[in-house]
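This report describes a protein chain for a reader who is new to structural analysis. Please keep the sequence and the structure in view while reading.

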Amino acid sequence: MMMKMPWRRKSRSFHLQLQGAIGTLQSPFLFLFTNYCHSSTSTLEDARFLTNNFKSASFTRLHVAIASSNHVIHMNPLPSRVHFNRFLSALVKMKQYHTVLSMSKTIELLGISHDVYSLSILINCFCHLHLVDFGFSVFGKMLKFGLEPTTVTFTTLINGLCIESKIDKAVEFFDDMVARGYQPNVYTYNVIVNGLCKFGKTNVAIGLLKGMADRGCEPDVVTYSAIVDALCKDDLVGEALELFSQMRNKGISPNVITYTGLIHGVCKLGQKNQALALMNEMVEQNVLPNVYTFNVLIDALCKDGMVSEAQNTFNVMIQRGVEPDVITYTSLIDGLCISDQLKEALALLKEMVGRNISPDVFTFNILIDTLCKKGVVSIAQNIIKIMIQRGVEPDVVTYNSLMDGYCLCKQTDKARKLFDLMVTNEIADIFSYNILINGYCKCKMIDDAKELFDEMFHKGLVPNAVTYSTLIKGMFQAGRPQNAKELFKDMCFHGQQPNIVTFSIMIDGLCRQGDLDEALTLLKAMEKSQLKPNLVIYSSLINGMCKVGKINDAKELFSSLFEIGLQPDVYVYSAIMKGLCQQGLMDEAYKVFKDMEKVGCLPNNCCYNIIIQGFLKHEYLPKASELINEMVDKGFSADDTTTELVVHLSQNNDLILSKLRNRSEASKAVQ
């Protein structure tokens, strides 16, 4: 049983539909028909004109084409349909789809009958104008006239359905075409494969690719490229590379789309060296990378911190005559900002403007955000002025960055003024509130932060995990643990799922308050929510256990980390060492200290000070002296507590004291 297709459901006449599609379009040719006269012209002159102009129909300007048609429709006799079809094809190449529809109507009124080719041209125009249903009406007319559609006709309609995102209907019509005995060509396959890939049906596209050879149609570079690119976008890079090898084994040379898709895919997997190798191979195969290829690679290298490699790629791009665009420069500026090369980033902005490439809001926002995070708010303000002068409108991200800069510089009054302006202009978002709440908390203006938090509800904004976590931390730091607990309950009550950061803040806050039991209860709740505790949480718990004198529990928890496959970091080691030292278990503390290096976790300045202070407090002076020498030799310095203990207990050892003081002064000079 034949499938029901869209064109079978049409009942209105072709002429009515054509009129509806064209609407009130003014035909540049209709007046020619109205004033048409049967005056005779030179037959020889007409023949020359058809040969030199109309037959080839190689027009590049619409007014020339119209002038030529004006001459042709006054010929007596009129040219054949073939000549008119060539002319319509030329207009299609010029993308003058409305003009083609209008002229086709005029030609029909002149009494020149349609053929398959002319109707296929009409279908193509309707499809490009996103009027595929009218295309199917023309298709119905073709069948009614007893004209046999060609593969091109079917392919055009399939393409029209794909253009209008009707991919399921496109596949259905493709199957109908095959069922009617038509042989799809490689272009037909490419159209349907490209449509399937575009709409995430890559597996169906691969199925069609495998069946092409069985139907006597070999895939070409376009077929493979579409699927390779789609697989890479779906992060199926392994399958894409297999298809890439298959393609080359068949002697099909990859094109720029194939290589670019693969480069994009391997970059997403973090395989930058493979991406560079593909770029080199591409150049060796004389496949010229385009600006998009370079942009993909440059952006990936910059995001991975490989800025020098990105700059080298940029230089190659310039050498090969590929003009960089705003995306190229924005990626490089972002990379330079990430790698703390702000001066070079600003120089690149200047170079960009010098090349007449206008920075967009993303380019400016990257620089403004970096400047604000560096605390250079005055320069950020100047960049915003330049931004406005160049006609680029600052957005909420721009203002949020500036507000964050004010908060980092503890200029909360300026941050508040900017925030109020944003609220007045109705552009303040949840990030704006989070930034200012964080700024207030860091400046210990906890009541202002809470007031702003309450205001969010009145504005119809729902606080997120960041909002709650920031305020909870602020409450603990302000010595208001009860308010912090209430906020946590409020968070859960409003259906906001606490994340790892929220749990870390809560457990650390409770442990610092000595509420170890409550902290352990929260740990169990966290595990039930399928969140795995991180080293920050374990460090807080070990500190909390040691604080309340549960050293055995702390030792047991520390040992369990290895059992569950977690490698303690320097903070966890510091926590357990500090607890052991406080309990006078110096042999165990020293063993933990020495074990650090064995597992590749090198002691830092804090670790040395903890173990030295332990030995000094328990008057193990020779060991303390040995470790002080080791600490200083490794470039670390004593903190105030260590120095005071040395002064108090080692007055006879002026050499150690002198060494510590010299190291401390050198460290301050560097800072």
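## Charged pairs within helices

Asp508 has a relative accessible area of 23% and is therefore partly exposed. The model in which this residue is described is a predicted one. The side chain of Asp508 meets that of Arg512 in a salt bridge, with 2.8 Å from N to O. Arg512, at 57% relative accessibility, counts as exposed. Because the two residues are four residues apart in helix H29 (residues 500–512), about one helical turn separates Asp508 and Arg512. In general, an α-helix has 3.6 residues a turn, so residues three or four places apart point the same way.

Asp369 and Lys373 both belong to helix H21 (residues 361–373), where they are four residues apart, about one turn of the helix. Asp369 is partly exposed, with 24% relative accessibility. Lys623 and Glu626 are three residues apart in helix H36 (residues 621–633), again about one helical turn. Lys623 is partly exposed at 23% relative accessibility, and Glu626 is partly exposed at 39%.

| Salt bridge | Distance, N to O |
|---|---|
| Asp508 and Arg512 | 2.8 Å |
| Asp369 and Lys373 | 2.9 Å |
| Lys623 and Glu626 | 3.5 Å |

The count of salt bridges comes to 26. Asp133, Glu164 and Lys166 are linked in a network of such bridges.

## The protein as a whole

The protein has 38 helices and zero strands. Of its 671 residues, 47% are buried. Among contacts between residues at least 6 apart in sequence, 62% join residues at least 24 apart. The accessible surface comes to about 33600 Å², and carbon and sulfur atoms account for 53% of this area.

H13 is mostly covered, since 10 of its 13 residues are buried. Among them are Tyr224, Ile227, Val228 and Leu231. The buried residues of H13 pack against helix H11 (186–198), helix H12 (202–212), H14 and H15.

Both ends of H13 have a local feature. At its start, a side-chain oxygen of Asp220 comes within 3.1 Å of the backbone nitrogen of Val222. Just after H13, Asp235 has a positive phi of about 65°.

## Aromatic rings

The count of aromatic pairs comes to 21. One of these pairs is formed by Phe244 and Tyr259, which are edge-to-face, at 5.6 Å centre to centre and with 70° between the planes. This pair links distant parts of the chain, for Phe244 is in helix H14 (residues 237–249) and Tyr259 is in helix H15 (residues 256–268), 15 residues apart. Phe244 and Tyr259 are both buried. Elsewhere, Tyr590, Phe593, Tyr608, Phe615, Tyr620 and Phe636 form one aromatic cluster.

## Two further charged residues

Asp115 is located in the loop between helix H6 (97–109) and helix H7 (116–128). With a relative accessible area of 23%, Asp115 is partly exposed. A polar atom of its side chain lies 3.2 Å from the backbone nitrogen of Tyr117.

Is Lys485 buried or exposed? Its relative accessible area is 16%, and therefore Lys485 is buried. Lys485 lies in helix H28 (residues 481–493). Leaving aside residues up to four places away in sequence, Lys485 touches Met506, Leu510, Asp515 and Glu518.

Definitions and conventions:
Residues numbered from 1 in each chain as written. Predicted model: local features only at pLDDT ≥ 70, side-chain atom pairs only at ≥ 80, totals over all residues. Heavy atoms only, no water. Phe/Tyr/Trp six-rings, centres within 6.5 Å; stacked < 30°, edge-to-face > 60°. Buried < 20%, exposed > 50% of the residue type's maximum accessible area, 1.4 Å probe, protein only. Polar contact = N/O pair within 3.5 Å; in protein donor to acceptor, adjacent residues only side chain to side chain. Contact = heavy atoms within 4.5 Å. Areas by Shrake-Rupley, 256 points an atom, 1.4 Å probe, with all protein chains shown as cover. Salt bridge = Lys/Arg side-chain N within 4 Å of Asp/Glu carboxyl O.
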